[in-house]
Amino acid sequence: MVKISLVITKRYKRTIIESTPVILMGSLLTGLVMSYLIIWATVGLDPLSFFTTFYQTLVSYTGLLESLLFLTILGTAISIAFYGSYWNVGAEGQYVLGMLGAIYVVMFSPLSGFLSGNDLVSAAVLKLAAILLGGALGALWSLIPGLIKVFTKISEIPIMLLMNYIAYSLSDYLTAGPWKGRYTYGYIRTDMISESARLTVIPGLETLRYEVVIAAIVVLVSIYLILDHTLLGLKIKFLGTNPTALKSSGFDERKVTVSVATISGFIAGLAGAMRLLGYDYRLPYNIGDGKTGFYGYTAILVAWLSFRDIRFIVPSAIIVSALSSFGYRIQMSLKGLLPPGISAYAFSQIFIGTTLIVYTLTRITKEFSVKLVIRR
Amino acid sequence: MVYPVVEPRTMYVLVIIAVLIAGFVGYFAGSATTGYATVTEFKTVVSPTTITYYPAVAVSPEKIRAAWIYVGPIGDLGWSYMHDLGRRVVESLFKQWLETTYYEAVSEAELLSRIDELVRAGYTVIFTTSFEFMEKTYEAAKKYPNVMFFHCSGYMRWDNMGTYFADLYQVYYLNGLMAGALTKTGKIGYVAAFTIPEVIRHINAFAIGAKEVGEQLGKNIEVYVVEIGAWFAPDKAVDAARYLVDVVGVDVIAFTEDSSAIVEYAQEQYKRGKEVYVFSHYGPMYEFGPDVVVSGQLVRWEVIYADILTKIRSGVLNPLNLRNVDYWYLLNTGAVELGAHVFENGTVMMVNPKFVPKLREVVVKDRLAGDKISVFDLVMRRYEQMRRAPILQALQFSALTHELENLTYVDIGGKERLYLVSTEFDPFIGPLDGWCKYTGTYAFTEYCKKSDKVSIPAGVRLGHADLWNMDWFVSWVKYLGGR
């Protein structure tokens with residue numbers, strides 16, 4: 001009798017595909033080739049226009065920068081959580097809460113009344129307050145599953161996923177109810193925030209806002225410093241790698257988890273607040289139907305691609321935003337090949353998909369050897 | 001646990017090498033294709049100097065590159081599909097001088113990025129086809145003064161931003177006449193995306209038609225509205241339809257949602273032995289429900305697109321003079337049509353043949369002419385009455401002339417005296433009674449700013465502003481809220 005078994009063992013020797021940049025670039029290139037082959041097999045696109053489009057996507061960087069910045073901020077938020085084994089899949093919800101906090105401050109809080117003047121100082125105070133409240137609400141939203149995890153040992157992952165939907169519903173409730181706009185022409189949505197409360201557009205780079213650029217740099221650098229140069233950073237890393245050692249060194253594991261949850265949620269909330277003040281200017285109804293751009297989920301890919309290494313956040317964010325932007329651009333080349341009236345949209349997600357599959361496979365083979373054993 | 005074993009220095013070297021390789025590959029790939037000429041062209045377009053010479057170019061561009069941005073996927077078979085069909089018509093028709101492209105399933109948040117990409121790729125005419133795109137399109141228009149923007153269904157305009165709309169309310173009225181004849185319970189359902197003035201107008205027109213016939217047949221016509229809060233949400237639409245059928249007990253449904261989901265739902269009900277009749281919306285959806293689709297509303301955006309592009313090509317429209325361009329095309333222009341199916345030869349099936357005998361059997365009195373007539377003939381008579389208004393189309397082009405659209409006659413003196421301006425018939429001629437959906441400071445019309453009830457005196461024909469801002473329901477419409 002033939003017996004087939006799949007033997008998976010953890011590697012103890014190094015393999016050639018050991019280094020992160022090699023895996024990252026390798027996955028990207030293999031993923032691109034694979035998705036090209038899929039497209040070629042289905043509609044027969046010529047390689048030249050495929051790779052030219054990819055090149056043009058990278059060259060026209062202004063379109064990329066906007067999503068790059070948000071993915072960097074959110075990717076950092078998720079990464080620091082991953083460091084401390086706090087699986088923050090709830091960044092999407094924290095991001096929405098950040099939006100709610102920001103719009104509350106600039107539109108509905110008592111602060112909005114007496115700061116509504118046009119002078120720069122009061123506008124700056126208003127914006128800062130909005131961003132901070134957004135961050136605080138994000139932190140609070142992340143703290144709930146954090147505390148549940150700490151005190152009841154219930155996994156934070158399902159709770160966070162559910163809380164993302166609660167955040168959507170909360171936003172929709174406010175948008176359709178107490179915050180419903182007056183100048184929306186019957187639409188269910190809030191009014192737009194006033195001009196003075198909006199973030200500053202960078203002249204020449206209209207897709208960017210000064211505040212967001214600064215925030216991305218500050219967040220990235222400070223998280224890097226926290227992780228590598230503070231006791232908290234050490235404790236977080238300990239928590240992620242060897243929680244027993246953390247406990248036996250006399251530290252309270254629970255306090256570390258709570259601080260990781262707070263920091264992570266705060267940054268995600270910050271991103272949401274900035275999105276609202278800098279780009280969206282209002283809350284839409286049915287926000288869960290992709291109106292957040294699903295940044296909170298996409299950023300998980302960024303954190304995952306970066307190997308939980310802060311230095312790789314930006315390269316990973318570049319790859320993810322380039323691939324999604326590429327997905328849009330390739331629609332143009334594809335539409336001539338598809339029968340008229342048939343949607344090219346389906347192809348736009350293919351690149352991230354294939355790249356991630358290759359990446360995941362390489363990463364698994366990096367850590368584990370997989371063998372098919374056939375015995376007679 | 002995973003930690004990188006590479007020195008940071010090695011990593012940066014590798015990243016730089018990878019970028020260089022990508023750059024070289026891209027450069028050679030780029031220079032090897034004919035498409036490279038396009039890149040050079042776009043550089044000219046975005047350079048700031050362009051603005052100074054634009055007026056000269058605007059006289060009559062040799063070639064036009066036009067792009068469409070759709071809110072849903074073009075596979076929705078409704079709204080976005082029909083816009084894309086319009087694009088395909090003008091692309092084929094004007095292929096000597098027109099090049100087109102499109103983006104589909106674009107959300108409001110990413111609209112500006114998509115516009116940036118299109119402008120950079122050298123597109124100088126951009127159509128944005130969702131009300132939600134209004135503010136962002138306006139922002140883009142100010143950012144790119146040498147690009148012409150046309151926004152569908154909005155009201156914000158600028159020197160280089162015009163608006164256009166093909167409105168279906170007259171077609172909804174015709175469908176309402178049929179609904180009134182076919183309903184057994186007198187309860188009619190309407191699944192609305194948002195209760196914005198456009199949709200309110202459609203619901204009212206449909207309700208007016210249903211009552212005109214239903215009342216004469218001794219039915220107590222009531223129209224129940226459920227608002228789903230999204231333009232493209234097949235699941236929510238079906239949920240709402242199910243609620244209307246199972247809980248409220250309606251047996252006819254019309255809707256404003258950009259997919260064929262409700263039609264498919266009704267067909268499914270038919271197979272289970274429950275008859276729910278539907279009217280297809282925007283696209284030809286007859287094929288999804290041959291047993292249940294009575295008729296529907298069709299749109300021909302190409303009528304407007306062809307007009308806009310011809311006027312750009314001949315230099316009539318340019319980025320300096322779009323401020324008053326506001327197409328408001330009705331049944332008289334052919335931009336909208338009654339029907340749910342387009343035959344292979346391009347002609348329209350106005351009413352599903354399955355329902356024609358039923359509609360011919362039911363006889364009612366025409367409240368205008370006073371004679372007895374079958375519902376089918378009444379639909380055709382009204383259709384003709386709203387089709388004929390030769391001078392109206394000229395007035396429907398500009399925001400400056402809309403106020404003349406509801407003039408029934410103009411006195412030109414001499415022996416001719418009265419010259420017919422507007423259509424012979426319109427559903428929105430008083431007497432009409434209604435209640436305000438939006439009141440006080442939330443209201444859009446003068447009626448609802450003053451009171452929460454509306455009463456249009458007999459013989460008064462609502463004007464463009466009344467229709468455009470409609471914030472009140474006729475009294476037999478019941479709003480059931482959001483689902």
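Predicted model: local features only at pLDDT ≥ 70, side-chain atom pairs only at ≥ 80, totals over all residues.
Helices here are DSSP runs of H or I with at least four residues, strands are runs of E with at least two, and both are numbered from the N terminus.

Residues are numbered from 1 along each chain as its sequence is written, chains are lettered from A and ligands numbered from 1 in the order in which they are written, and side-chain values use heavy atoms, with hydrogens and water left out.

Back to α11(B). I checked its length: the expected span is 1.5 Å times one less than the number of residues. For the 13 residues 301–313 that gives 18 Å, and the end C-alpha atoms are 18 Å apart, so the two agree. Next I looked up burial (buried is under 20% relative accessible area, exposed over 50%, partly exposed in between, with a 1.4 Å probe and protein chains only). Buried residues of α11(B) include W301(B), Y305(B) and I312(B).

What does Y305(B) pair with? I found the ring of F127(B), with centres 4.8 Å apart and planes at 65°, so I logged the pair as edge-to-face. My cut-offs: Phe, Tyr and Trp rings (the six-membered one for Trp) pair if their centres lie within 6.5 Å; planes under 30 degrees apart are stacked, over 60 edge-to-face, the rest tilted. F127(B) is in strand β3 and Y305(B) in helix α11, so this pair ties together parts of chain B that are 178 residues apart in sequence. F127(B) counts as buried because its relative accessibility is 0%, and Y305(B) is buried at 0% too.

Then I searched the whole structure and got 52 aromatic pairs over all chains. One of them is stacked: Y187(A) with F131(B), 4.7 Å centre to centre and 10° between planes. Y187(A) sits in the loop between α7 and β2 of chain A and F131(B) in the loop between β3 and α6 of chain B, so this pair joins two chains. Both residues are buried. They also belong to a ring cluster, with W231(B) and W468(B) among the other members.

Last, I looked at chain B overall. I counted 16 helices and 22 strands, and 59% of its 483 residues are buried.
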